[in-house]
Amino acid sequence: MADVPGIYYGEYLQLDKILNAQELESARHGESAHDEMVFIVTHQVYELWFKQIVYELTAVIEVFDDSVVREKKISRALHLLSRIKTIQWVLIHQIDVIETITPLDFLEFRDLLVPASGFQSTYFKRIEIMLGLKRHHRIAADCEFFKTRLRGDDLEELDDLEKEPSLLELTDRWLKT
């Protein structure tokens with residue numbers, strides 16, 4: 001078969017990286033826990049959607065970070081916010097897939113993942129910060145958890161993000177003008 005000219009689907013999407021990014025921790029410790037695969041894939045998909053939300057929020061924040069917010073750009077921002085809403089709907093319904101893992105099946109591999117937790121999702125934390133939930137708004141216990149559960153480089157990156165104006169702050173500024 002001849003080489004296909006131009007860009008190839010699998011290469012464009014870098015499917016070799018994505019589809020080979022699932023390593024079962026249970027397999028490293030002996031016997032594979034079947035449901036660990038659906039757990040990994042579902043959470044990887046969550047992180048990909050979180051990345052897209054951050055991408056969209058960045059564009060929305062750019063609109064409101066201008067000294068003059070143009071009406072035409074507000075329309076674009078509303079479109080992107082609508083996209084985020086649709087992604088959130090998908091995220092909520094992905095829980096249905098996770099719920100197909102029984103508690104006993106989950107326990108086959110959960111202890112192998114300690115101390116890893118979804119609370120360590122830096123993209124989820126980015127979304128919170130970009131929307132306006134900065135550390136000084138968190139309750140003390142959550143603030144401490146935030147600081148102690150993340151690696152230094154991730155924490156530093158989030159600290160830098162907190163110095164930037166959030167969508168809440170920018171929208172408030174815009175409404176005051």
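Just after helix 7, Gly132 takes a positive phi of about 135°. Helices here are DSSP runs of H or I with at least four residues, numbered from the N terminus. The model is predicted, with local features requiring pLDDT of at least 70 and side-chain atom pairs counted only at pLDDT 80 or more, while totals for chains, interfaces and linings use all residues. Residues are numbered from 1 along each chain as its sequence is written, and side-chain values use heavy atoms, with hydrogens and water left out.

- Helix 7 is mostly covered, as seven of its 10 residues are buried; buried means under 20% relative accessible area, exposed means over 50%, and partly exposed lies in between (1.4 Å probe, protein chains only).
- The buried residues of helix 7 are Thr122, Lys125, Arg126, Ile127, Glu128, Ile129 and Met130.
- These buried residues pack against helix 4 (36-64), helix 8, helix 9 (152-162) and helix 10 (167-176), where contact means heavy atoms within 4.5 Å.
- The loop between helix 6 (103-107) and helix 7 contains Pro115, which is joined to Val114 by a cis peptide bond with omega of about 5°.

**The loop between helix 7 and helix 8**

- Arg135 is located in the loop between helix 7 (122-131) and helix 8 (140-148).
- With a relative accessible area of 11%, Arg135 is buried.
- The side chain of Arg135 makes a polar contact of 2.5 Å with that of Asp159; a polar contact is a pair of N or O atoms within 3.5 Å, and within protein one must be able to donate a hydrogen and the other to accept it, with residues adjacent in sequence counting only if both atoms are side-chain atoms.
- Leaving aside residues up to four places away in sequence, Arg135 touches Cys143, Phe146, Lys147, Leu155, Leu158, Asp159 and Glu162.

**Salt bridges**

- The count comes to 12 salt bridges, a salt bridge being a side-chain nitrogen of Lys or Arg within 4 Å of a carboxyl oxygen of Asp or Glu.
- Arg83 and Glu56 meet through their side chains in a salt bridge (3.0 Å, N to O).
- This pair links distant parts of the chain, with Arg83 in helix 5 (residues 71-98) and Glu56 in helix 4, 27 residues apart.
- Arg83 is partly exposed at 34% relative accessibility, whereas Glu56 is buried at 3%.
- Glu128 and Arg138 form a salt bridge in which the closest N and O atoms are 2.6 Å apart.
- This pair also links distant parts of the chain, with Glu128 in helix 7 and Arg138 in the loop between helix 7 and helix 8, 10 residues apart.
- Both Glu128 and Arg138 are buried.
- A salt bridge joins the side chains of Lys134 and Glu169 (3.2 Å, N to O).
- Here too distant parts of the chain are linked, with Lys134 in the loop between helix 7 and helix 8 and Glu169 in helix 10, 35 residues apart.
- Lys134 counts as buried at 4% relative accessibility, while Glu169 is partly exposed with a relative accessible area of 35%.

- A network of salt bridges links Glu23, Glu25 and Arg28.
- Arg28 belongs to helix 3 (residues 25-28) and is exposed, with a relative accessible area of 54%.
- The C-alpha atoms of Arg28 and Glu128 are separated by 34 Å, the two residues being 100 residues apart along the chain.
- Thr42 lies in helix 4 and is buried, with a relative accessible area of 6%.
- Not counting residues up to four places away in sequence, Thr42 touches Gln94, Val97 and Ile98.

- Ile7, Tyr9, Tyr12 and Leu13 make a nonpolar surface patch of about 500 Å²; patches are made of residues with over 30% relative accessible area and no salt bridge, with like charges joined within 9 Å and nonpolar side chains (Val, Leu, Ile, Met, Phe, Trp, Tyr) within 5 Å.
- Accessible areas come from the Shrake-Rupley method with a 1.4 Å probe, and for residues only the protein chains shown count as cover.
- Leu13 lies in the loop between helix 1 (9-12) and helix 2 (15-19) and is partly exposed, with a relative accessible area of 33%.
- Gln14 is placed in the loop between helix 1 and helix 2 and counts as partly exposed at 36% relative accessibility.
- Although Gln14 is not a glycine, Gln14 has a positive phi of about 50°.

Terms used. Helix = DSSP H or I, 4+ residues; strand = E, 2+ residues; numbered from the N terminus.
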